[in-house]
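Colleague: I would like to learn how to read a model like this one, feature by feature. Shall we start at the surface?

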Amino acid sequence: MGKKILIRSLCLAAAGVICFFTLGSFFSDSETYKRQIETIDSKKAVALEMTTAVTATSVAITMLPDDIGTPVAERAADLTGYLMVIVIALFAEKYLLALSGMLAFRFVIPAALILFAVLPLWKNDTIKPALIKITAKIILFSLILWALVPACVTIMNTIDREAELSAQNAIEQAEKYSDSISEHSENESGLTAWLEKFKNGAAGIAAKADAVLNNFVEAIGVMIVTTCILPLAAFAVLLWILKLLTGIDIKVKMPKGSRTYSKLRACRKKITEKGS
């Protein structure tokens with residue numbers, strides 16, 4: 001083994017060790033992603049607050065006589081399901097921040113650098129070039145995957161500012177609405193007298209609740225785009241870049257007969273019907 005090759009191998013091995021102890025510790029620490037975590041926590045707090053407001057509206061509307069608010073209450077229950085999906089997606093993004101950094105800089109890249117260091121000792125020259133290409137592709141993929149989640153959070157923070165204002169407005173309207181019903185529903189006669197003051201009585205109050213929920217639908221739609229659809233789109237772009245740079249073609253295809261595919265179609269059809 002030549003002197004230059006030995007020095008290069010030692011440098012690569014040292015880089016792998018440094019990457020494991022320094023970069024691995026830095027990029028696997030949650031403090032490194034403090035700003036991104038604050039953004040995710042703020043969006044999660046808004047989503048949980050919206051869930052509470054929608055639930056309170058659903059409970060309040062059931063106090064109306066003759067079950068006139070039941071359809072609105074059922075619609076509110078559907079919205080809480082979408083909000084829970086948003087909360088789960090935010091939790092996943094929060095923990096993927098540190099996890100992707102730990103995998104990339106504490107395991108994949110150090111292992112790849114040490115492998116590059118010992119490759120000169122490999123006697124089989126036919127396998128060595130292929131092994132170098134595969135290792136380089138793995139490093140590239142881990143780096144892109146590590147940068148994916150912070151990029152999505154940054155874009156989410158940029159897009160979701162106006163949506164957060166509309167969400168806060170919807171929460172305030174829902175709280176005022178549910179408080180009004182709860183305040184006058186302490187006894188049945190008081191509720192009846194209060195409803196008589198409004199046009200169409202309980203039906204008018206139910207229509208008002210429907211309008212309140214429409215504000216939530218708009219805010220939830222934007223949050224689904226930023227927390228669910230945007231990361232999936234970014235992952236698709238990641239796969240496309242990976243294919244261009246490395247030639248690896250990863251096909252993600254959902255069978256049309258699968259239960260997940262059927263649920264997604266039913267969910268999309270339900271959202272379309274409500275929007276119309």
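Modeller: Start with Leu96, Leu99, Leu103 and Phe107, which form a nonpolar patch on the surface with about 340 Å² of accessible area together. A patch is built from residues with over 30% relative accessible area and no salt bridge, nonpolar side chains (Val, Leu, Ile, Met, Phe, Trp, Tyr) being joined within 5 Å and like charges within 9 Å. Areas come from the Shrake-Rupley method with a 1.4 Å probe, and for residues only the protein chains shown count as cover. This is a predicted model, in which local features need pLDDT of at least 70 and side-chain atom pairs count only at pLDDT 80 or more, while totals for chains, interfaces and linings use all residues. Residues are numbered from 1 along each chain as its sequence is written, and side-chain values use heavy atoms, with hydrogens and water left out.

Colleague: Is leucine 103 buried, partly exposed or exposed?

Modeller: Buried means under 20% relative accessible area, exposed means over 50%, and partly exposed is in between (1.4 Å probe, protein chains only). Leucine 103 has a relative accessibility of 41%, so it counts as partly exposed. This leucine 103 sits in helix H3.

Colleague: How many helices and strands does the protein chain have?

Modeller: Helices (H or I, at least four residues) and strands (E, at least two) are DSSP runs, numbered from the N terminus. The protein chain has seven helices and zero strands, giving the pattern α-α-α-α-α-α-α along the sequence. Of its 276 residues, 34% count as buried. The accessible surface of the chain is about 16,600 Å², and 65% of that belongs to carbon and sulfur atoms.

Colleague: What share of the contacts join residues at least 24 apart?

Modeller: A contact is a pair of heavy atoms within 4.5 Å. Taking contacts between residues at least 6 apart in sequence, 83% join residues at least 24 apart.

Colleague: Which residues of the largest nonpolar core touch the most other members?

Modeller: In soluble globular proteins, nonpolar side chains tend to be buried together. A nonpolar core is a set of buried Ala, Val, Leu, Ile, Met, Phe, Trp, Tyr and Cys residues joined through side-chain atoms within 4.5 Å. The largest one here has 45 residues, and Met50, Leu79, Ile86, Phe216 and Ile220 touch the most other members. At least two residues of this core come from each of helix H1 (3–27), helix H2 (34–61), H3, helix H4 (127–184) and helix H6 (202–246). H3 gives the largest share, 17 residues. Another core, of five residues, lies apart from it, and its members include Leu148, Cys152, Ala234 and Leu238.

Colleague: What does phenylalanine 216 touch?

Modeller: Leaving out residues up to four places away in sequence, phenylalanine 216 touches Met50, Ala53, Val54, Leu79, Ala170, Ile171 and Ala174. Leucine 83, in helix H3, can be read likewise. With a relative accessible area of 0%, leucine 83 is buried. With the neighbours up to four places away not counted, leucine 83 touches Ala47, Met50, Thr51, Val54 and Ile220.

Colleague: Which residues are linked in a network of salt bridges?

Modeller: Side chains of opposite charge can pair when their charged atoms come close. A salt bridge is a side-chain nitrogen of Lys or Arg within 4 Å of a carboxyl oxygen of Asp or Glu. The structure holds two, and Asp41, Lys44 and Lys94 are linked in a network. Between lysine 44 and aspartate 41 the closest N and O atoms are 3.6 Å apart; both residues lie in helix H2, three residues apart, about one turn of the helix. Aspartate 41 also meets lysine 94 in a salt bridge, at 3.2 Å from N to O. That pair links distant parts of the chain, with aspartate 41 in helix H2 and lysine 94 in helix H3, 53 residues apart.

Colleague: Is lysine 44 buried or exposed?

Modeller: Lysine 44 counts as buried because its relative accessibility is 13%. Aspartate 41, at 27%, counts as partly exposed. Lysine 128, in helix H4, is buried as well, with a relative accessible area of 18%. Lysine 128 touches Leu119, Pro120 and Trp122, with residues up to four places away in sequence not counted.

Colleague: Which backbone oxygen does the side chain of serine 100 reach?

Modeller: A polar contact is a pair of N or O atoms within 3.5 Å; within protein, one must be able to donate a hydrogen and the other to accept it, and residues adjacent in sequence count only if both atoms are side-chain atoms. The side chain of serine 100 reaches the backbone oxygen of leucine 97 at 3.1 Å. Serine 100 belongs to helix H3 (residues 70–118) and is buried, its relative accessible area being 10%. Beyond its neighbours within four places in sequence, serine 100 is in contact with Leu145 and Trp146.
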